Amino acid sequence: MVSVTEARGAGGPATLVAHISGQVGTPGRKNTGITCIDLLILNTNSYADTLAHTRIDTRNGRIQLSDLSASTVDIIIDRKGYFPVKLTSVTLSTGKNVLESRILMYKSSSNIVLPGQLAFTLKPGATLPHVDQIYKYYDDVRVNAAPGSYELRLPWRGRQTFAFTETLCRKLVHSPYVQDARPLASMTTVIPGF
């Protein structure tokens, strides 16, 4: 039997079930359990409407959050030392809602992550000026258009670059204008699983 850690939202008829694991090396090689994640559920149309914000202990990679409003939401899953994951426009119906795909979180110090390099996608209707204040905070950031997204490159500042990359990814993910943000991998492709 799978052990489930359950948390409660603000009251409502919907329940969310998700499977979460961590990737610390080459994709497909080393998946590990992650304990204690921060889970933020926001109304897709208004980030001022927080439906749930909780720290939840995951056991066997499975979480359950009940008493949520039946609505369309954006879900942000975060943990220090890992790149956050954002799921957008998830419809929560009355009853149990199971995210079919396992949520894979990548360790920010993983050997396949290129430090200082992120990709992000904007939500429909959003433009770069909506988010430029997020990345302009960091000196000498380069932004390049990529097919369907943008790539950010921070200048190398030693080990500090790893922390900057994780923090910048977190700030992008929390923007209501960003569809997703993820690290770039050393095999010159965006890391799969986000």
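Modeller: Two strands are said to pair if DSSP finds at least two bridges between them. This is a predicted model. Strand β11 (residues 113-122) and strand β13 (residues 149-153) pair in the antiparallel sense, over four bridges. Within that pairing, Q117 stands opposite R153 in β13.

The two strands belong to an open sheet of four, in the order β12-β13-β11-β14, with antiparallel pairing. β12 (142-146) and β14 (178-185) are at the edges and have a single partner strand each, so one side of each has no neighbour in the sheet. From one strand to the next, the twist averages 25 degrees.

Two helices lie across the sheet. Helix α2 (residues 160-173) lies across β11, β13 and β14, at about 10 degrees to β11.

Next, the aromatic rings. The whole structure holds three aromatic pairs. In one of them, the ring centres of F120 and Y150 are 5.5 Å apart and the planes are at 25 degrees, so this pair is stacked. F120 is in strand β11 and Y150 in strand β13, so the pair ties together parts 30 residues apart in sequence. F120 has 0% relative accessibility and therefore counts as buried, while Y150, at 24%, counts as partly exposed. Together with Y135, F120 and Y150 form one aromatic cluster.

A charge also meets a ring: the charged end of K171 sits over the ring of Y137, 4.7 Å from its centre.

Methods. Residues numbered from 1 in each chain as written. Predicted model: local features only at pLDDT ≥ 70, side-chain atom pairs only at ≥ 80, totals over all residues. Heavy atoms only, no water. Axes fitted to C-alpha atoms, helices over the stretch in contact; angles between N-to-C directions. Contact = heavy atoms within 4.5 Å. Phe/Tyr/Trp six-rings, centres within 6.5 Å; stacked < 30°, edge-to-face > 60°. Buried < 20%, exposed > 50% of the residue type's maximum accessible area, 1.4 Å probe, protein only. Lys NZ or Arg CZ within 6 Å of the ring centre and 35° of its normal.
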